[in-house]
Amino acid sequence: MGPLPSPESTRDEAQPKQQTGFIAAHSVLAFHEPTQPTVSEGSISQSLRVRDAILSATEAEILPVPALRRALTDAFFEQVFHNYAIISQEDVSSSHSSILLQQAVCLSGSLTRHGPESMHLAHTLYEKVKTLLYLDYETDNLTTLKALCLLSCWSVKPPDKISLDGPWYWTGVAIRLALQMGLHRESTYLDNPHAPCLRRIFWHLHVSQAVNLCLGKSEPGL
């Protein structure tokens, strides 16, 4: 008969492993073990070169000049924040603040301004935010989710035009990311320092989806 397992090892085996993202236990996206990369290092290197070339061509990483950035950020917190209470001053005020989130906040702030120049600025910022999202530029999922929520504040094209550039599309993308992050499960909020913000985000997405359905269909499906 072999040696009995130690109490420490028994406790370690009994404790569930920390999950970082899932939809449900039966889903193909359920998280069990860390996965290995599915592409070669050569493909990754080529993708990084393409990514850098796109960033250079679009200048998506370049923020508005400091004075304009402060003005747009102030406009966001003064006129937009009450509808998007998922961003804090600390999110965009430090030297280490996310470029993606700063661009998204500036975009929202620019929509409070008037005149053709302001509309051109909004289009420029929107394209930069969209580029950063498609390049998977931001490494923090919560920051990406916040930026996606902010994109729902503007319909780039008229509502009678079929387009991916609108609140309906970006709200859907945000909802799917939120589900992968487990925001539909109460256990996600336990002992989570970001729990209040995460709850506001999930409620914001629920309301946004309902509003989009009401505007787009005669009989909402909720």
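Me: At what angle do α5 and α7 pack, and how far apart are their axes?
Reply: In this predicted model, α5 and α7 pack at about 20°, and their axes lie 9 Å apart.

Me: Why is α5 called roughly parallel to α7?
Reply: The cut-off for roughly parallel is an angle under 35 degrees. The angle here is about 20°. Therefore α5 counts as roughly parallel to α7. Their crossing is left-handed.

Me: Which residues make the contact of α5 with α7?
Reply: From α5 come L100, L101, A104, V105, L107 and S108. From α7 come T143, T144, K146, A147, L150 and L151.

Me: How many residues of each class does the contact of α5 with α7 have?
Reply: It has 8 nonpolar, 3 polar and 1 charged residues. Lys is in the charged class, and K146 is one of the α7 residues in the contact.

Me: What makes α7 and α8 antiparallel rather than parallel?
Reply: Start with the angle. Helix α7 (residues 141-151) and helix α8 (residues 167-180) pack at about 155°, with axes 8 Å apart. Roughly antiparallel needs an angle over 145 degrees. The pair is therefore roughly antiparallel. The crossing of α7 and α8 is left-handed.

Me: Which residues of α7 and α8 make the contact?
Reply: On the α7 side they are N141, T144, L145, L148 and L151. On the α8 side they are W170, V173, A174, L177 and A178. By class, that contact has 8 nonpolar, 2 polar and no charged residues.

Me: How do you know whether α3 and α5 are parallel or perpendicular?
Reply: Again, look at the angle. α3 and α5 pack at about 70°, and their axes are 7 Å apart. That makes the two helices roughly perpendicular. The range for that label is 65 to 115 degrees. α3 passes α5 in a left-handed crossing.

Me: Which residues in α3 meet which in α5?
Reply: R69, L72, T73, A75, F76 and V80 are the α3 side. Q102, V105, C106, S108, G109 and S110 are the α5 side. The class count is 6 nonpolar, 5 polar and 1 charged residues. Gly counts as polar, and G109 is among the α5 residues here.

Me: Which residues touch the most other members of the largest nonpolar core?
Reply: That core has 47 residues. F76, I87, L145, L150, I201 and L205 touch the most other members. The elements that give two or more residues to the core are α3 (66-80), α5 (99-110), α6 (116-134), α7, α8 and α9 (195-216).

Me: What is L145 in contact with, leaving aside its neighbours within four places in sequence?
Reply: L145 is in contact with A174, L177, A178, M181, L183, I201 and L205. I201 and L205 are themselves among the core residues that touch the most other members.

Me: Why is I99 not simply called buried or exposed?
Reply: Buried means under 20% relative accessible area, and exposed means over 50%. I99 has 22%, so it is partly exposed. I99 is in helix α5.

Me: Where is Y137 relative to I99, in sequence and in space?
Reply: I99 and Y137 are 38 residues apart in sequence. Their C-alpha atoms are 9.1 Å apart. Beyond residues up to four places away in sequence, I99 touches A60, E61, L63, L132 and Y137.

Me: What can be said of D191, its phi and its place?
Reply: Phi of D191 is near 55°, again positive in a residue other than glycine. D191 is in the loop between α8 and α9. Its relative accessibility is 84%, so D191 counts as exposed.

Me: How many helices and strands does the protein have?
Reply: There are 9 helices and 0 strands. Of the 222 residues, 38% are buried.

Me: Among contacts between residues at least 6 apart in sequence, what share joins residues at least 24 apart?
Reply: That share is 66%.

Key. Residues numbered from 1 in each chain as written. Predicted model: local features only at pLDDT ≥ 70, side-chain atom pairs only at ≥ 80, totals over all residues. Heavy atoms only, no water. Axes fitted to C-alpha atoms, helices over the stretch in contact; angles between N-to-C directions. Helix = DSSP H or I, 4+ residues; strand = E, 2+ residues; numbered from the N terminus. Left-handed = near helix turned anticlockwise from the far one by under 90°. Contact = heavy atoms within 4.5 Å. Core = buried A, V, L, I, M, F, W, Y, C linked by side-chain atoms within 4.5 Å. Buried < 20%, exposed > 50% of the residue type's maximum accessible area, 1.4 Å probe, protein only.
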